[in-house]
Amino acid sequence: MVGTASAQEAPDSTRRVIGAGAEMTATGLYRVDPSVGDPLLTHGPDARASVERDGPSAAGPDGIGFGPGSVERPPLCATDFYQQVIYANVSGTPDRTGEATAEIRSVIGRMDAVLNAASLASGGPNADYKVLCDPSGQVRVDTLTIPGASFSEVVSAARAAGFNSDRADYLVFVDGELGGSCGIASYETDQTLSVDNRSNVGGGYGIVYGPCWDGETAMHESAHLMGAVQYGAPNSTGTGGHCNEDYDVLCYSPDGGDRNQAGTLLHCPDFVQFDCGFDDYFDTAPEPGEYLSTHWNLGSPLNRFLSLSGSGSQLLPGKPAAIETLGKQRAASGERGDWRRFKVRVRGQTRSLRVRLFAAPGAELALFVRHSREPTREVFHCRDAGPGRHASCRISDPDPGVWYAGVLTRGGRIGASYKISARARR
């Protein structure tokens with residue numbers, strides 16, 4: 001559904017990327033009317049300086065990240081609802097289909113590894129993108145020659161070539177650059193947690209421009225196609241369609257929206273994550289009362305474009321959790337000096353144990369991890385005392401048996417919520 005356009009046209013720099021004739025609607029989004037097919041909505045181009053911002057360049061835990069050489073995970077081949085990947089070159093420029101196909105498949109594999117890690121870290125099951133595959137089972141990469149690289153031109157060319165299924169969203173890797181943009185995607189505003197959400201059907205188009213293939217842009221635009229980030233999310237930039245927590249695939253501020261325009265808040269400093277804190281657009285195990293438990297959530301089983309498999313188990317006080325899955329527990333800070341302790345059982349031949357803590361604003365917490373006995377301020381195997389709302393402990397080659405995680409309230413607001421999670425890899 002496309003909103004009624006106002007008389008306000010896009011500025012020249014934006015119109016160059018979106019395409020001629022783009023107008024802003026009453027919802028703050030741009031209405032695009034390609035020469036082929038129905039109009040689309042977009043929040044506009046994602047500038048290179050914003051999406052590929054300064055920050056941690058190293059991969060996260062276990063080598064999972066966006067740069068070349070990071071861990072790859074094969075997505076799920078699907079034919080019901082799926083993302084279809086396209087390589088596009090502008091007419092008159094070299095066609096690098098052979099070389100680009102391998103590059104693009106690696107990008108999708110790294111995206112899938114980040115997605116799965118986020119699903120496990122949020123307390124849920126394994127997660128994969130649903131994509132169209134070729135007969136060999138690899139990600140299918142179709143080819144398209146385009147007259148120009150603007151969003152309107154790419155969409156028109158794709159539709160004219162038959163890429164217009166109502167069961168597919170199209171992720172187009174353009175072999176070139178335009179106006180300093182990393183990418184742009186169609187985007188719907190609908191916070192309804194329903195299979196009938198407007199973002200939960202095909203017909204969307206996302207573009208990734210050449211200079212940003214090896215970053216987080218492809219995952220960023222793919223998430224827009226699936227409906228991230230909605231207006232009412234806790235850290236949303238409102239009409240901007242992003243969030244203001246770093247380091248996060250979907251977050252940058254200011255972005256021209258009408259909320260949270262004072263810059264980003266560094267809540268996840270270690271590496272770029274898919275929803276820092278799992279509170280704005282992706283959580284595969286939201287607790288009752290959280291925004292994503294009642295609003296559109298890319299991590300919901302209702303999302304037709306992701307596959308969720310297996311089951312997670314909680315990390316509960318005094319109750320061991322299976323090490324193959326991540327446990328997650330919601331708790332609240334106490335008075336200064338109060339402890340809350342958890343435990344998880346680790347089996348033999350485990351390569352790593354990671355315990356992570358995400359706290360709400362106002363919490364001042366410290367995380368301690370110890371083998372066999374409960375940690376104290378003085379005795380522990382790992383400690384992360386902040387500052388910040390994110391704490392993490394990673395133990396390589398942990399000894400088998402019970403490991404204890406302790407959360408110490410160092411100050412701040414009593415009753416501030418936090419999530420603690422554990423993941424062990426064999």
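1. A salt bridge here is a side-chain nitrogen of Lys or Arg within 4 Å of a carboxyl oxygen of Asp or Glu. Arg389 and Glu245 form one, 3.5 Å from N to O. The two sit in distant parts of the chain, 144 residues apart: Arg389 is in the loop between strand 20 (382-384) and strand 21 (390-396), and Glu245 is in strand 13. Both Arg389 and Glu245 are buried, meaning under 20% relative accessible area with a 1.4 Å probe and protein chains only, while exposed is over 50% and partly exposed is in between.

2. A word on what you're looking at. This is a predicted model, where local features need pLDDT of at least 70 and side-chain atom pairs count only at pLDDT 80 or more, while totals for chains, interfaces and linings use all residues. Residues are numbered from 1 along each chain as its sequence is written, and side-chain values use heavy atoms, with hydrogens and water left out.

3. Back to the charged pairs: the whole structure has 16 salt bridges. Arg48 and Glu177 make one of them, at 3.0 Å from N to O. Arg48 belongs to helix 2 and Glu177 to the loop between strand 10 (168-174) and strand 11 (181-185), so this pair ties together parts 129 residues apart in sequence. Arg48 is partly exposed at 28%, whereas Glu177 is exposed at 53%.

4. Lys130 and Asp80 also pair up, at 3.1 Å from N to O. Lys130 is in strand 8 and Asp80 in the loop between strand 6 and strand 7 (82-90), so parts 50 residues apart are tied together. Lys130 is buried at 10% relative accessibility; Asp80 is partly exposed at 36%.

5. Have a look at helix 5 (residues 217-225), where nine of nine residues are buried. Among them are Met219, His220 and Leu225. Just after this helix, Gly227 has a positive phi of about 110°. Helices (H or I, at least four residues) and strands (E, at least two) are DSSP runs, numbered from the N terminus.

6. Helix 5 and strand 4 (40-42) each give at least two residues to the lining of the second largest pocket. A pocket is an open set of points on a 1 Å grid over the protein atoms alone, where a 1.4 Å probe fits, with protein on both sides within 12 Å along at least five of seven lines; lining residues have an atom within 4 Å of a point. Of its 24 lining residues, Leu40, Glu188, Gly202, Gly203 and Gly204 lie nearest the centre.
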